[in-house]
Amino acid sequence: MEENSKNELFEKAAVPRAYFTFTLPVVFSMVVSLVYNMVDTFFIAQTGNTDLVAGVSLSAPIFTLMIALGDIFGLGGSSVISRLFGQKLEKDGKRLSVFCFYGAILCGIAVTGLLLVFRDPILTLLGADTDTMAYASQYYTYIALGAPFIIVSYTPLNLLRTEGFATASMTGSILGAIVNIILDPIFIFNFGLGAAGAAIATVIGNICTDLFFLWFLLKKSRRLSVDPRNFYIKKKELGQIFAIGIPASVTNLMQSLGLALTNRYLLPYGNDAVAAMGIVMKVNLIAVLVLVGLAFGVQPLIGYNYGAKNSRRLKEILKFSYGFECAAAAVLAILLSLAAPVLMSVFMEDSSIIAIGTSMLRFQQAGMVFIAVVLVTTSTFQSAGRALGAFLLSVSRQGVIFALVIFLASKILGYNGVLASQAISDGITAILAAALLIQWIQKEKGKVF
């Protein structure tokens, strides 16, 4: 009965109902993750040490790197598995879920080793100087040690949604975030660990998430597995997972690159500017994570119907996704722009940081509707196994296009050019996304569309 209910949701339920069933738990999970990020930044900022805040901000791309690597197995695996489920090839889907789980663990162990061996040159590359190096190193070291736990948590987080377990995926994410929030002040202040305490709390939160997902996969899941005896994958299947997983991973890697580039271009304007941008990036997650949840939460629904070649339903899902995502982006951008000074003052009462951060945050919101277009298009390409389109969008918005824009804008407009670079990059990437989408639809006419 439960199995029929899951299939009905994928195949027959009204599109708005199916859309919100899949996306709302993901959005809620993202919001809780956002609350954790905000609380984490709040407690770090309460130390009153600008160099500590800047040091943690400089090390933040390392955590994003781990999310990116988890997405290789999580988003890459879920894309392939959801299409297999649409084709009724459930045994193959189960077998691939085993590979994704253990592949993520092995990847995490390798990452820990590499990050620790190359710690000093990586921190220097990220922009740590004599004032921030000690704090950046503390945060970096413990996050590096927790890499296997962080990376593996993003695999079942995504895979469970292919079976319709969006609520369970949300629960695991929320559990880790709550543990993190509780432990942050204890480790940062009570134990006096500062930046290291924030990182340790993050790792323990991810361990709790991992334990919940492992329990759920063993006790509740019917289509997915962690049985090591099924650890087998064909060369073609590995290529399919990596073809989608790597572009998905690159999206987060580019986020790390974008943040690192922004910090580097802000360094000439002082550590206050870097600290303010660190807070702004966390506040900006209010909009971005909601949009990511809406765009990628619907991915299993798109992948299933693409695999089943259900043209009519696929068109309805895409139309609703683009419309709702863009409307949500516009509303969020307006609200955050209006509330910018208040939101900045929550973290630091320094009037200089508030003034700098308010301007930065408003510049970030200017490209929010463009981000919506890019996210839905990227999610669609990943769901349908369109590796090239997903890759091009993944390396553009905060990667190649952003690097070119920030270089030119900083030369022409100086400080304001650095702040405007992300919105300009978002607009250019949205145009690219629209062109790629139209080209794909034309190519698929007569097959799926």
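A salt bridge here is a side-chain nitrogen of Lys or Arg within 4 Å of a carboxyl oxygen of Asp or Glu. The views come from a predicted model, in which local features need pLDDT of at least 70, side-chain atom pairs count only at pLDDT 80 or more, and totals for chains, interfaces and linings use all residues. Residues are numbered from 1 along each chain as its sequence is written, and side-chain values use heavy atoms, with hydrogens and water left out.

**View 1. A salt bridge joins Asp92 and Arg95.** The N to O distance is 2.9 Å. Asp92 and Arg95 are three residues apart in helix H4, so about one helical turn separates them. Helices are DSSP runs (H or I, at least four residues), numbered from the N terminus. Asp92 is partly exposed at 25% relative accessibility, whereas Arg95 is buried at 11%. These classes use a 1.4 Å probe and protein chains only: buried is under 20% relative accessible area, exposed is over 50%, and partly exposed lies in between. A network of salt bridges links Asp92, Arg95 and Glu237.

**View 2. Asp426 pairs with Arg397 in a salt bridge.** The closest N and O atoms are 2.5 Å apart. Asp426 sits in helix H18 (residues 415-444) and Arg397 in helix H17, so the pair ties together parts 29 residues apart in sequence. Both Asp426 and Arg397 are buried. The count of salt bridges by this rule is eight.

**View 3. Asp227 forms a salt bridge with Arg229.** Their closest N and O atoms lie 2.8 Å apart. Arg229 is exposed, at 74% relative accessibility.

**View 4. Eight named residues, from Ser97 to Val226, line the second largest cavity:** Ser97, Phe101, Pro156, Leu159, Leu217, Leu224, Ser225 and Val226. A cavity is a set of points, on a 1 Å grid over the protein atoms alone, where a 1.4 Å probe fits but cannot get out; lining residues have an atom within 4 Å of a point. The whole structure holds two cavities of 30 Å³ or more.

**View 5. Phe407, Leu408, Ile412 and Leu413 make a nonpolar surface patch.** The patch covers about 440 Å². Patch residues have over 30% relative accessible area and no salt bridge; nonpolar side chains (Val, Leu, Ile, Met, Phe, Trp, Tyr) are joined within 5 Å, like charges within 9 Å. Areas come from the Shrake-Rupley method with a 1.4 Å probe; for residues, only the protein chains shown count as cover. Ile412 lies in helix H17 (residues 396-413). Ile412 is exposed, at 68% relative accessibility.

**View 6. Lys88 and Lys309 have positive phi values.** Phi is near 65 degrees for Lys88 and near 55 degrees for Lys309. Lys88 lies in the loop between helix H3 (50-86) and H4, and is partly exposed at 48%. Lys309 is in the loop between helix H12 (299-307) and H13, and is exposed at 55%.

Note on methods:
Helix = DSSP H or I, 4+ residues; strand = E, 2+ residues; numbered from the N terminus. 1 Å grid on protein atoms, 1.4 Å probe; cavity = no way out; pocket = protein on both sides within 12 Å on 5 of 7 lines; lining within 4 Å. Points joined across faces, edges and corners; volume = space filled by probe spheres on them.
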